[in-house]
Amino acid sequence: MSVREEYRVITSLTNDTIKSVRALHMRKERDLTGTFLAEGLKFIGEALDQGRAPKMLLVGEDARPHPLLDRAKTETRKAGGDIIIVTHAILEKISRRDNPQTVLGVFEQAYAPLDSLNPASAPCWVALEQVRDPGNLGTIIRTADAAGCGGVILIGDCVDPYSVEAVRATMGSVFAVSITKTTPEAFVAWRQSWPGSVVGTRLDATVSHRSAVMQKPSLILMGNEQAGLTDQLAAACDVNVKIPMRGRADSLNLAIATGIMVYAATDEA
Ligand code: SAM
């Protein structure tokens with residue numbers, strides 16, 4: 001049986017299902033549906049490995065056969081999701097790219113409530129205050145995954161971790177890292193029972209990140225790209241540290257600084 005016979009096929013750009021998938025570029029639609037878009041077989045494989053089958057699998061009519069694609073179809077169907085064959089033009093429209101991935105998935109968003117987190121389950125956790133750049137957030141989620149962090153906590157008004165740009169920057173780690181949303185007030189109250197060190201990062205700190213005592217599990221607080229870490233959150237930390245700046249740059253990029261901090265906090269040496 002050919003692919004076209006076996007699955008629903010959509011060729012019209014104005015089809016309602018295609019319109020609803022394209023709308024996932026907008027935060028309002030993602031918030032409303034609690035879903036997001038992930039592009040490419042690598043992402044879909046990461047999702048399946050975490051037991052997260054897509055609600056909808058969109059497969060380009062020119063997609064090459066691949067064992068992972070077969071697995072994705074089987075698991076999507078088993079989980080009651082839709083499998084739809086689409087044209088290259090539809091994939092281009094959805095992804096807003098000339099060279100789109102040939103397989104896309106629509107997935108349920110997942111957030112771990114603050115009080116469900118188990119600090120002792122990992123040596124390091126990351127908390128971000130009002131992160132605004134989706135590329136930074138995606139890169140931080142990827143880095144937190146690579147460094148073996150327990151999760152990423154978003155404090156205050158942050159960019160959506162499930163935006164298409166943020167998800168792309170995670171390279172699939174969006175499925176592996178627990179993500180939590182909270183307010184500054186709830187975070188400050190919750191942090192009181194943190195069993196290890198709570199470490200803030202500030203350009204005006206006098207302690208170097210290398211000389212600070214970081215008792216595991218470390219909870220690393222990073223500030224907003226423009227304003228930095230607020231006084232309210234800096235005051236909630238056991239120590240505030242600075243990564244030495246040796247040249248003329250007055251600060252590091254947020255994602256780079258986070259990488260330096262989480263590897264310093266998880267180093268065994
Ligand atoms: N103008 C902002 C300020 O005064 O904090 C710069 C913010 S910086 C681009 C974004 C975040 O990256 C900071 O809030 C901090 O968490 C982290 N960061 C950047 N450079 C750092 C450094 N040298 N030491 C410690 N943290 C740093």
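The ligand sits in the largest pocket. The model is a predicted one, and the values below are computed from it.

**The pocket**

The largest pocket holds about 420 Å³ of space. Its lining is made up of 20 residues, and those closest to the pocket centre are Thr-201, Leu-203, Gly-228, Ser-251 and Leu-252. Two elements give two or more residues to this lining: strand 12, which spans 239-242, and helix 11, which spans 254-266. By residue class, the lining of the largest pocket comprises ten nonpolar, seven polar and three charged residues.

**The shell around the ligand**

How many residues surround the ligand, and which are the closest? There are 17 residues around the ligand, and the closest are Thr-201, Gly-223, Gln-226, Ile-243 and Leu-252. The shell residues divide into nine nonpolar, six polar and two charged.

**Backbone atoms at the ligand nitrogens**

| Residue | Protein atom | Ligand atom | Distance |
|---|---|---|---|
| Gln-226 | backbone N or O | nitrogen | 3.0 Å |
| Ile-243 | backbone N or O | nitrogen | 2.8 Å |
| Leu-252 | backbone N or O | nitrogen | 3.0 Å |

Taken alone, the ligand exposes 560 Å², and the protein buries 84% of that area.

**Backbone geometry**

Most residues other than glycine have a negative phi, and most peptide bonds are trans. Two places in the model depart from these patterns. Pro-217 is found in the loop between strand 10 (207-208) and strand 11 (218-222). The other is Arg-96, a residue other than glycine whose phi is positive, near 60°. Where is Arg-96 placed? Arg-96 belongs to the loop between helix 6 (88-95) and strand 5 (103-108).

Notes
Residues are numbered from 1 along each chain as its sequence is written. This is a predicted model: local features need pLDDT of at least 70, side-chain atom pairs count only at pLDDT 80 or more; totals for chains, interfaces and linings use all residues. Side-chain values use heavy atoms; hydrogens and water are left out. On a 1 Å grid over the protein atoms alone, a cavity is a set of points where a 1.4 Å probe fits but cannot get out, and a pocket is an open set with protein on both sides within 12 Å along at least five of seven lines; lining residues have an atom within 4 Å of a point. Grid points are joined across faces, edges and corners, and a volume is the space filled by probe spheres set on the points. Helices (H or I, at least four residues) and strands (E, at least two) are DSSP runs, numbered from the N terminus. Ala, Val, Leu, Ile, Met, Phe, Trp, Tyr, Cys and Pro count as nonpolar, Asp, Glu, Lys and Arg as charged, and the others, Gly among them, as polar. A residue is near a molecule or strand if one of its heavy atoms lies within 4 Å of it. A polar contact is a pair of N or O atoms within 3.5 Å; within protein, one must be able to donate a hydrogen and the other to accept it, and residues adjacent in sequence count only if both atoms are side-chain atoms. Accessible areas come from the Shrake-Rupley method with a 1.4 Å probe; for residues, only the protein chains shown count as cover. A molecule sits in a cavity or pocket if more than half of its atoms lie within 2 Å of its grid points.
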